Amino acid sequence: MSIGKGFRAVATVLTVMGVTPALAQESQADRSEQNAREPIIDDSEFDATIPRIDDDPDAPMGSVADWESEQQKLESEARQQDADDGVAALPALQDGDADELLADAPVNDPALDDPLTPIDSFDVEPFDESQYTEADDGSQSSSLRYDYRIDGLEVLDESGTTAVRPISADDIRGLFDDLSALDDGGGKAANGAMVSARMREDQQLLSDIMSGQGFFDATVNGAIELPETEGEKLTVVLQVSPGPRYDLGAIMFEAEPVIPDDLISSNFVPKTGEPIVAERVLAAEANIAVVLPQEGYPFAEVGQRDILLDPETGTGDYTLPVAVGPRSSYGDIVTSGTPVFDAEHIAVLSRFEKGELYDSRMVDDLRKALVATGLFAIVSVKPTASGEAGPDGTEYATINVDQEAGPPRTIAGSAGYGTGQGFRVEGSWTHRNMFPPEGALVASAVAGTQEQGASLTFRRSNAGRRDRTVELGLSALHSDFEAFEAFTGRLAGRVSYDSTPIWQKRFTYSYGFEVLGTNEQDFNFTTGVRDRRTFYVAALPGQVTFDTTDSLLDPTEGFRLSAKLSPEASLGSGTQLYGRGLVEGTAYYPVGDGLVLAGRARVGSIVGADRELIAPSRRYYAGGGGSVRGFGYQELGPKDIEDRPIGGRSLVEAAAEIRYRFGDYGVVGFVDAGQVYTSSTPGFDNLRYGVGIGGRFYTNFGPLRVDVATPINRQPGESRVSVYVSIGQAF
C-alpha cells in the first residue's frame with residue numbers, strides 16, 4: 001500500500017468525524033480545471049425545454065389525448081433533427097419495439113461487421129487453488145493496524161480514593177479492556193471507517209463506565225493520531241475528563257408501611273455519603289426484591305429509581321418506589337394442568353403450613369422437591385392473591401401448582417472396577433409412579449466378574465412425610481470372592497428418613513428387617529478344608545446419622561457421625577443370637593482455595609457368637625476401594641491355611657486425604673490403614689497401611705473417582721498396585 005493511498009483513507013475517516021486533516025486534499029488546479037469545462041447544455045437550451053405556462057391560469061386544462069398528441073409531435077421533430085444531424089436513432093427502436101430490457105444495437109454500428117478475436121490470442125493463466133491461503137484475504141482485509149490508549153485517568157488515583165468502593169485508573173482500564181471493541185479487534189481493521197466506528201463505540205463504553213462509578217459529568221473525546229512514517233500504526237486516543245465523583249445524598253423509599261418498619265431501608269446497603277456506584281446500587285435494589293418475598297410480601301415490586309444530582313454539592317438524592325403489596329400468609333394449595341399429584345400429596349412435600357407467614361424460600365423448596373421426583377415435564381409454583389383475610393393481619397396467598405406429567409419410566413446403569421472385586425456392571429428399570437403417589441417398582445440386575453444377581457423392589461417415596469421412604473425388596477445374588485462363595489436369597493424391608501441435596505438434614509435414621517437364606521462355602525477348621533453350609537438369618541438393622549457437612553456428595557467442611565446396630569438370629573449350626581455394630585466418623589476441613597483435608601475412622605464389632613457360627617457373608621472384612629486402599633477387596637484380616645481371608649468379628653479402619661480441586665478436575669493424595677481381628681474387641685495392633693494418589697472429575701451428580709494405591713510393607717501374594725474406579729469420593 002502506498003503512503004498516499006493509505007493516508008487518504010485515514011483522512012476520509014477524520015473528515016467524517018469533523019477533523020480536517022492536512023493530507024490528501026485535492027489541488028486547487030484540479031478544481032479549476034473541472035470548473036472550466038463547458039456545461040452539457042446551456043441555460044437557454046434548458047429554458048426552451050420547459051413548457052410555457054398559460055397566460056390565463058384559470059383556463060381549462062387540456063385532455064390527456066391532447067397531451068399525448070403533443071408529445072408524439074415533439075418526438076417526431078426530435079428524430080427528424082437527429083437524422084439531419086447524422087445521429088443514429090435510439091437503439092431500442094431499431095426493431096420497432098421500444099419496450100424491451102436490452103436495447104438493440106444501432107443498425108449502422110460498424111463493430112457488428114468486425115470478426116471476433118481468436119480465443120488463443122488471449123494470455124490466460126489457470127487459477128492454482130493450492131497456492132491460495134486464508135492469509136491472502138487477511139493481508140488484504142486487515143489493511144490498517146492501530147494501537148489505543150486512554151488519557152486523563154491519572155487524577156482518579158486521588159479523587160477515586162474513598163472508604164467504600166475506591167476506584168483507580170487501573171480499575172477503569174480493567175473494566176474497559178473487558179468490553180472494548182478496539183481491544184477485541186486485536187489492533188487490526190479493514191479500513192479507517194471500521195477504526196472510527198470502534199472508537200465511537202468505545203467512547204460510549206468509557207462514558208458509561210465512568211457514570212457507573214459516580215462520575216456523571218465525565219466527558220470522553222476521541223481522536224486518531226496518524227503515523228509519521230509508512231508502516232507505523234495509527235493511535236486511537238480516548239481523552240477522559242472525569243469531573244467530580246458524586247456521593248449519595250438523601251435516600252428515600254416511596255412505599256406503604258411494612259413490618260418491621262425498617263424492612264426496606266435495612267436491606268438497602270449503600271449509605272449516605274458513599275459514592276454512587278451503579279453495581280452497588282443495583283445489587284441493593286435486587287436484595288430488596290429478594291428479601292420482601294422472604295418476609296411475607298410475595299407480590300412486592302421494585303420500581304424505577306430516580307437520582308437527582310446537585311453539581312454544587314456533588315451529591316445525588318436517591319428515591320426508589322416500591323409497591324409492597326399485601327402482607328401474606330400461606331393459603332390453600334391449588335393444582336392445574338396435567339395432574340401428577342393431588343393437592344394433598346403436594347402438601348406432604350411442602351415445608352410450610354397454611355397460615356404461616358409467607359416465605360419465598362419455602363415455595364422454591366417445594367418446587368425443587370417436585371422436580372426431584374422426576375415425574376414432571378414442567379412444573380411451576382406461584383402465589384396469587386386470594387383477597388381472603390388471614391391470621392395476624394395478613395392475607396392468604398393461594399399456592400398455585402401448575403403441572404405437566406413427564407415420562408415415569410427410567411433406565412439407568414453404572415459400572416466400576418476394584419482390585420479383588422473385579423468389574424461390576426449394574427442396570428435398572430424403574431417405574432417411579434406405578435402405585436400413585438410415588439409408588440415405584442424397580443427391577444435391577446448386576447453382572448460382574450465376581451457378582452451376579454437380580455432384585456425387585458417396591459419403594460414409596462415421601463410416604464406420609466417429606467423424605468421418608470418405605471421399601472420392600474426381594475433379591476437373589478451369587479457372590480464369588482476370595483473370602484467366600486455364596487448363593488443368597490433375601491427379603492428385606494426398610495423405613496428411612498434421608499437427607500437429599502435439596503434438603504440436607506442434621507439427623508437421619510433408618511430401621512427395618514432382613515430375612516435371608518444363604519448357602520456359603522467356608523473354611524472348616526475341624527477338617528481343614530472348605531465345605532458348604534446353609535444359614536438362615538433374621539436381622540433388625542437400624543442406623544442413625546448426625547451430619548454437619550456442607551454437601552452430601554462432595555463435602556468440604558463439617559463432620560458426620562453414624563452408628564449402625566443389627567441384632568441378628570442365625571440358624572445353621574444351632575441357633576445363634578448375636579449383634580453387629582459399627583461406628584463411623586468423617587471430618588472435612590478447608591485449608592485454602594480448593595484445598596481440603598479429610599479424615600475417616602471406623603470401628604466395628606460382632607458380639608454374642610463365635611466366628612465359625614456366623615455366616616461368612618455376615619462377618620467383617622477390610623480392604624478395597626471403600627475400605628483400605630492398596631489391598632484387594634476383603635484381603636486384610638485372618639486367613640486360612642490356603643492364605644484366603646476368612647473374616648473376623650471386629651474391625652478398625654482409618655484414612656486421611658488431602659484433596660485439591662481446580663475447575664472440574666481434582667487430585668487426591670491419601671493414606672489408609674486398617675485391620676480385621678478374630679476377637680469381638682478390636683486390638684488396634686498389626687495395622688496395615690496403603691498409600692496412593694487419585695484423580696477426580698467433578699460432575700453435577702458427584703465426582704468420578706480413579707485411585708491408584710500400593711501397600712506399605714507388602715506381603716507375599718499382595719498386589720504391588722491396586723486400582724479403583726467408582727463414582728463419589730472414597731468417604
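Predicted model: local features only at pLDDT ≥ 70, side-chain atom pairs only at ≥ 80, totals over all residues.
Residues are numbered from 1 along each chain as its sequence is written, and side-chain values use heavy atoms, with hydrogens and water left out.

**Exercise 1: the cavity**

Work out which residues line the largest cavity, and how the lining splits by class.

Solution. Start with the term: on a 1 Å grid over the protein atoms alone, a cavity is a set of points where a 1.4 Å probe fits but cannot get out, and lining residues have an atom within 4 Å of a point. Grid points are joined across faces, edges and corners, and the volume is the space filled by probe spheres set on the points. With that in hand, the structure holds one cavity of 30 Å³ or more, and the volume of the largest cavity is about 40 Å³. Next, pick out the lining: Asp522, Phe523, Phe525, Arg611, Glu612, Arg619 and Ile646. Now sort by class (Ala, Val, Leu, Ile, Met, Phe, Trp, Tyr, Cys and Pro are nonpolar; Asp, Glu, Lys and Arg are charged; the others, Gly among them, are polar). That gives three nonpolar, no polar and four charged residues.

**Exercise 2: two aromatic pairs**

Solution. A pair of aromatic rings is described by the distance of the centres and the angle of the planes. Rings of Phe, Tyr and Trp (its six-membered ring) pair if their centres lie within 6.5 Å; planes under 30 degrees apart are stacked, over 60 edge-to-face, and the rest tilted. There are 19 aromatic pairs in the structure. Then place the partners, using helices (H or I, at least four residues) and strands (E, at least two) as DSSP runs numbered from the N terminus. Phe216 is in the loop between helix H9 (192-212) and strand E3 (219-225), and Tyr246 in the loop between strand E4 (234-241) and strand E5 (247-254), so this pair links distant parts of the chain, 30 residues apart. Check burial last (buried is under 20% relative accessible area, exposed over 50%, partly exposed in between, with a 1.4 Å probe and protein chains only). Phe216 is partly exposed because its relative accessibility is 29%, whereas Tyr246, at 1%, is buried.

Phe341 is in the loop between strand E9 (328-337) and helix H11 (343-349), and Phe376 is in strand E10 (residues 376-389), so the pair ties together parts 35 residues apart in sequence. Phe341 is buried at 2% relative accessibility, and Phe376 is buried at 14%.

**Exercise 3: charges over rings**

Find which ring lies under Arg465 and which under Arg661.

Solution. The test is that NZ of Lys or CZ of Arg is within 6 Å of the ring centre and within 35 degrees of the ring normal. Arg465 lies over the face of Tyr497, 4.0 Å from the ring centre. The charged end of Arg661 is over the ring of Tyr698, at 4.0 Å from its centre.

**Exercise 4: the largest nonpolar core**

Say which residues touch the most other members of this core, and which element supplies the largest share.

Solution. A nonpolar core is a set of buried Ala, Val, Leu, Ile, Met, Phe, Trp, Tyr and Cys residues joined through side-chain atoms within 4.5 Å. The largest has 25 residues, and Leu153, Ile172, Leu206 and Met210 touch the most other members. Strand E1 (144-151), helix H7 (169-179), H9, E3 and E4 each supply at least two residues. The largest share, six residues, is from H9.

Definitions and conventions
1 Å grid on protein atoms, 1.4 Å probe; cavity = no way out; pocket = protein on both sides within 12 Å on 5 of 7 lines; lining within 4 Å.
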